[in-house]
Amino acid sequence: MVARSRWHHAALLRRWRAWLVTLCALTIAVVALAGGPPQVTVYPERGPCLADAATMRRDHPKMLHEQKHRTVVLGERGARVQLAQCVSCHAGAQSHSVVASERDFCRACHDYVAVKLDCFHCHQGTLGTQSAWRSGEGR
Amino acid sequence: MAAMTIALDHYRLSARYWRLLALLALFLAGGALSFFAMEHWGHAITGMSNHIVWGTPHVAAIFLIVAASGALNVASIASVFERVEYKPRAPLSVWLSIALLVSGLAILVLDLGQPGRLTVAMTHFNFTSIFAWNVFLYTGLLALAVFYLWTIYSPFGKPYAKAAGVAVFLWRLILTSGTGLIFGFLVGRDGYGSAMLAPTFIALSLAWGLALFLLTEAGLEAFAELVPLTDLQDRLRKLLIVFVAASLYFVVVHLMTLAYFERNSAFVRFLLLKGGQFTAVFWLGYVAIGNLLPLFWLLNKRNQPRRSMLLSSLAVVLGGIAFLYAFIIGGQAYPLQPFPGYEVVASGFDDGQVAAYIPSLPEIGLALGGFALAVTVILVGARVWPFVPRRDG
Amino acid sequence: MNRNDSCRDREISETDRSRRAFLASVATAMGAVSLAPGIFLMSVGHEVAAADEGVRRASASVRWGLLIDATRCRADCDACVLACHQENGLPLPQSSADVRWIRKVTLRDPKSGAERSFPAMCMHCAHPPCVDVCPTGASFKRADGIVLVNRHTCIGCRYCVMACPYKARNFVHAPVTTQKPEVPRGMGCAEGCTLCVHRVDQGKEPACVAACPTGALLFGDLNDPHSAIAQRVRELNARPLRSDLKLDPGVRFFGV
């Protein structure tokens, strides 16, 4: 009786594990079928980025966060980190934007990781009226 | 007075209770819908503009926040002034205050241009701003009120009850001063800019809070089908008379202060005589309904005392909302004076013109949602904790 | 509270003084050799930050200001207003919910009947009420006196709009998509004239000043006694609007 009960218990446990494994496998399958991390196009001909891709992927929020205070409050100009520069290098060839279409550089990743992209609520994410700081052209 | 013991009771479940909650859910949904609409399309869909940036939601929010301070009257009388006969009513008084404060703040936050940045408001402080101070005053009152409730209910809390009561009392006076000084510390607008607004708001809070307390207690009694408690009726009636009269006095003194200074006297003329809807709301809503009617009802002893007190309370509440409408929105509708001494011939921004304002559906929805939230918090709280005083035996 | 502000400025400028003197000599030496002429020009209003060579910051030794000469302004002209809207990507206003960073007003003196026309905008006060009342510090005064809104910390409470006596602050009531890259702005924040800070930092005048056909607007450093604006302000005894409020505006008027 006791042994049988124990066996029964173990079987249940095994079945529970099986369910868990199945669930994980299914989740992975769904994610894999959904396409995995987005493929974004980069344009090497537009010049080098501030750092390698892994560093940028990890640190760009920190870089932007630190620079925004220095630019807005301290009035720093000509800084290394500039959002407008991000846009002009990473804008899609067709959309001319980093946020207009689902496949655009900033939006693709932020959609994928479900992190709210608040920059382009105020900043212009689409090229067209761009007058780059770097060129220093004046009227 | 006949000897009587008073016990505290939970609010009793009844079909009425659920019907009322369902009705409130409707208003809450309306408030939520208004919020999402304003969040999506911006404040352009409201009656607010760059002339009138604080509209109906602010009238409702400031009414609730000011009344929240006054709702503590009964608790303060019980604790600070040690009148034991008020003690059974203290928990409801504190809980009403919490409900009103939370609801008023909810409206304010949901009306922000960036409601998602509440964390910014909680982590970045500019201490020259009375608004930043208010963040601490409001959250501080909530914490103190919860602590005070604990001292009332917990056997371990008893030794701290008096201290908590005094702390709450002092804190709420400072809090209401802070709310009045949101307007008192504005240099550019002729209707505000006076330290008189601090005591004025305290006096208004005493009247509005007591009126709301009386209505809440009567409402809970009616819905729980309890026999109304009339032991303190005459004293509360007299108290309401004093508070209404005192608040009217302070409002009159504030307006006289403005009228005495030539630069601001035009605003008083505007509010009292030429302000269109604001003049009408001030005289009819605030003076007539908010003051004369309740004073008449309360002072006339031939009236049925309970009914006249509740009707008066309702009138005081409506009058309070009318006052804030005329004061906040009327104060902005009256034009700023960047060019004193000149007549404006033409302006790209309506200089010198009285601004138009019509409350919009989203604003009213948000305001009503706030009031519904207050009632919901009271009802749910009264179900969970024993707040309702009833005659024992 | 205002006194504290100026104290803070003074502290910064004092601690920075020796460093700035050193940097100035370094910059002079290096300037001719390696720095672009554009950057050299910039050092008029911007000091070079120590940490990062070539990065310039707003300097507390400068007080940017405007002189508006109403005797030269024409009532039928709104070139400054159009230039402002174009430069900053602001749609032309149609309702009272739309923003105006600059507006034209025409006033009549009731005693003499004389009429005056001039533009009005943010006065860039030394003691700005909008900065005093802002709960998060989003409304702030830059070291060079330009009053701005940091949209990253603005929560949209509109207390600054309530506080400004000049009707110069606006609230963005509707979604924005037409931003200029150098002028980020969006729904739900307060904003006002930036004195074209993005142009000023490049060594240029604000757009309204550049567009004025009659020379009624003059831009420059009020702190520098030899600047054109400081000399004209002295000559004309140009005064601010609402001087009774003692806010020390950086925008001065003549003929009002």
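These legends go with close-up views of a predicted model.

View 1. Start with the largest nonpolar core, which has 180 residues. Inside this core, the most contacts belong to Phe183(B), Trp208(B) and Tyr159(C). Helix 8 of chain B, residues 197–223, gives the most to the core, with 13 residues. In general, nonpolar side chains of soluble globular proteins tend to be buried together.

**View 2. The surroundings of Phe183(B).** What does Phe183(B) touch once its neighbours within four places in sequence are left aside? Within chain B, its contacts are Trp54(B), Ile62(B), Tyr192(B), Gly193(B), Leu197(B), Phe201(B), Phe327(B) and Ile328(B). From chain C come Tyr159(C) and Met162(C).

**View 3. Ser247(B) in helix 9 of chain B.** Here we look at Ser247(B), found in helix 9 (residues 233–260) of chain B. Is Ser247(B) buried or exposed? Its relative accessible area is 3%, and buried means under 20%, so Ser247(B) counts as buried. Setting aside residues up to four places away in sequence, Ser247(B) touches Ala203(B), Leu204(B), Ala207(B) and Tyr286(B).

**View 4. Where chain C meets chain B.** Each chain brings 54 residues to this contact. Together, chain C and chain B bury about 4700 Å², and 59% of that is on carbon and sulfur atoms. On the chain C side, Tyr159(C), Met162(C) and Lys167(C) lose the most area to chain B, together 17% of what that side buries. Three salt bridges are found across this interface. Look also for Arg158(C) and Asp111(B), whose side chains meet in a salt bridge at 2.8 Å, N to O.

**View 5. A sheet of three strands from chains B and C.** This open sheet has the order 2(B)-4(C)-5(C), and its pairing is antiparallel. Strand 2 (343–347) of chain B and strand 5 (115–121) of chain C each have a single partner strand, so one side of each is left without a neighbour in the sheet. On average, neighbouring strands are turned by 30° against each other, direction ignored. Four bridges pair strand 2 of chain B with strand 4 (residues 102–108) of chain C. Across that pairing, Glu343(B) stands opposite Arg108(C). Helix 3 of chain C, residues 79–88, packs on the sheet and touches strand 4 and strand 5 of chain C. The direction of helix 3 makes about 160° with that of strand 4 of chain C.

**View 6. Where chain C meets chain A.** Over here, 29 residues from chain C and 22 residues from chain A take part in the contact. How much area is buried between chain C and chain A? It comes to about 2400 Å², with carbon and sulfur atoms giving 51%. Arg57(C), His152(C) and Pro181(C) supply 23% of the area that chain C buries against chain A, more than any other three residues. The two chains have two salt bridges between them. The side chains of Asp201(C) and Arg77(A) meet in a salt bridge, at 2.7 Å from N to O.

Terms used:
Residues numbered from 1 in each chain as written. Chains lettered and ligands numbered in written order. Predicted model: local features only at pLDDT ≥ 70, side-chain atom pairs only at ≥ 80, totals over all residues. Heavy atoms only, no water. Core = buried A, V, L, I, M, F, W, Y, C linked by side-chain atoms within 4.5 Å. Buried < 20%, exposed > 50% of the residue type's maximum accessible area, 1.4 Å probe, protein only. Helix = DSSP H or I, 4+ residues; strand = E, 2+ residues; numbered from the N terminus. Contact = heavy atoms within 4.5 Å. Pairing = 2+ DSSP bridges. Axes fitted to C-alpha atoms, helices over the stretch in contact; angles between N-to-C directions. Buried area = accessible area lost by both parts, 1.4 Å probe. Salt bridge = Lys/Arg side-chain N within 4 Å of Asp/Glu carboxyl O.
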